[in-house]
Amino acid sequence: MDVLGIETSCDETAAAVVRDGREVISNVVYTQIPLHQPYGGVVPEIASRAHVEKIGQVVRAALSGAPRKVDAVAVTYGPGLSPALIVGLNAAKGLAKALRVPLIGINHIEAHLHTPFIYDSTDDETAHVPDPREMGPVLGLAVSGGNTVWVDMPEYGRYEVVGETLDDAAGEAFDKASKMLGLGYPGGLKIDRISKAYRDAVAAGAVPFPRDEAFVPFPKGRPREGVSALAGLPAELCVSFSGLKTALLRHVQRHPELLESTQTACDFGGYSVSPDVARVVASYQEAIVMAIADRTRSALRRRRCSALLLGGGVSLNSRIREALSRVCEEMGARLMMAKPKYTGDNGAMVAGLAFYRRNHVEDAMSLDASPSLRVGE
Ligand code: KG4
């Protein structure tokens, strides 16, 4: 079964054709990052206009890479930016009607959790990608610019949120810090690279700080038990990054010299920053990574899961991958990560998941965009 998947929930206009839920036949992503960069974040009106301009071209390119007529059209209908979701949804409805095939509505976060299962002909380990229905209970972790959520899947296609962020998503926390430190938008990849180079320099004794002061002790993002924002979820499975963000702001205010151009800059991971800035960046990343690793360990401890499915833009972070592989090893779970090219938003994850949800098509033509759609709804 070949499915065309369309994704326009945020700042990527994407379409792909996927066979039988896992094999990517074509995958086209147009990223709008350069359009939003001058504003330091995604501007919904600009996103929506760019989706309108690009969607036809992107879908045509995805379809032209497919050898036969598709059997269904799938589309992200939430969560995401309403004016952006509407563009993909309307295009998908029109295409499904014109091609006389079913339309399948897909949850964006659930789609991110499907990414560890997708591959294409350039991936050498294709034979080892298991069928998700044969895996038994698994834990999913979606970490992206808009979401940080832990999901229990007793069987594939059944989702229960067991933990999440109470405020910012991990990607948002990275992007806001990057802006605060004058590193630009988006910040995740830069912070990742600077932090890695800084950690290597610490290990080599090549930083101008005493060993016990090599990292700033930032708060680790654990919410207090009983706060109302938990809405019934256990604090040990949730994160809150607002305190961490405030701690960074206070640190920058206490050390205004950090942002002064008179500081001696060095090369950290290809970026020219001072050792002081690199120290703050690496410490901030470490706080986020340790919070995520700690909550994941607690989630795996609560229920025996055969695997951890990891997806979303932030799952590309090298330190998160390292920390979670250690946690999984400790807990006896298999770590299944999205391949780097499928960590950001894409249509392949939408088309792939649709194969497993192909019975959910009854009312898809009357679907509306659902900006706050929850996992499992
Ligand atoms: O999944 P995605 O493309 O969009 C959403 O669905 O939100 O994720 C984008 C987010 C941005 O916040 C970006 O800074 C972050 O992923 N990101 C990273 C890395 N690469 C991208 N965060 C940490 N480390 C990275 N290497």
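Biologist: Which residue in β3 stands opposite Arg19?

Modeller: In this predicted model, Arg19 faces Glu23 of β3. The two strands concerned are β2, residues 12–19, and β3, residues 23–31.

Biologist: Why is Arg295 called buried?

Modeller: A residue counts as buried when its relative accessible area is under 20%. Arg295 has a relative accessibility of 2%, and therefore counts as buried. Arg295 belongs to helix α8.

Biologist: What does the side chain of Arg295 reach, and what makes that a polar contact?

Modeller: The side chain reaches the backbone oxygen of Gly221 at 3.1 Å. The limit for such a pair of N or O atoms is 3.5 Å, and the value of 3.1 Å meets that limit. Leaving aside neighbours within four places in sequence, Arg295 is also in contact with other residues, including Trp150, Glu236 and Cys238.

Biologist: Which residues of the largest nonpolar core touch the most other members?

Modeller: They are Tyr198 and Ile288, in a core of 55 residues. Among the elements that give two or more residues to this core are β6 (138–143), α5 (170–180), α6 (188–203) and α8 (275–302). Helix α8 gives the most, with 14 residues. Beyond its neighbours within four places in sequence, Ile288 is in contact with Ala170, Ala173, Phe174, Phe241 and Leu244. A second, separate core has 41 residues, among them Val24, Met153, Tyr159 and Met349.

Biologist: Which residues of α5 are buried, and against what do they pack?

Modeller: The buried residues of α5 are Ala170, Gly171, Ala173, Phe174, Asp175, Ala177 and Ser178. They pack against β6, β7, α6, α7 and α8. After α5 comes Gly182, whose phi is positive, near 70°.

Biologist: What makes β8 and β12 the edge strands of the open sheet?

Modeller: The strand order is β8-β7-β6-β11-β12, with mixed pairing. Strands β8 (160–164) and β12 (334–337) each pair on one side only, and are the edge strands. From one strand to the next, the twist averages 20°. Helix α9 packs on the sheet, where it touches β6, β11 and β12, and its direction makes about 150° with that of β12.

Biologist: How do you know that β6 and β7 pair within this sheet?

Modeller: At least two bridges are needed. Six bridges join β6 to β7, residues 148–153, so the two strands pair; they run antiparallel. In β7, Thr148 is the bridge partner of Val143.

Biologist: How many residues surround the ligand, and which are the closest?

Modeller: The ligand is surrounded by 21 residues, of which the closest are Gly145, Asp175, Asp192, Gly313 and Asp345.

Conventions
Residues are numbered from 1 along each chain as its sequence is written. This is a predicted model: local features need pLDDT of at least 70, side-chain atom pairs count only at pLDDT 80 or more; totals for chains, interfaces and linings use all residues. Side-chain values use heavy atoms; hydrogens and water are left out. A nonpolar core is a set of buried Ala, Val, Leu, Ile, Met, Phe, Trp, Tyr and Cys residues joined through side-chain atoms within 4.5 Å. Buried means under 20% relative accessible area, exposed over 50%, partly exposed in between (1.4 Å probe, protein chains only). Helices (H or I, at least four residues) and strands (E, at least two) are DSSP runs, numbered from the N terminus. Contact means heavy atoms within 4.5 Å. Axes are lines fitted to C-alpha atoms, for helices over the stretch in contact, and angles run from 0 to 180 degrees between N-to-C directions. A polar contact is a pair of N or O atoms within 3.5 Å; within protein, one must be able to donate a hydrogen and the other to accept it, and residues adjacent in sequence count only if both atoms are side-chain atoms. A residue is near a molecule or strand if one of its heavy atoms lies within 4 Å of it.
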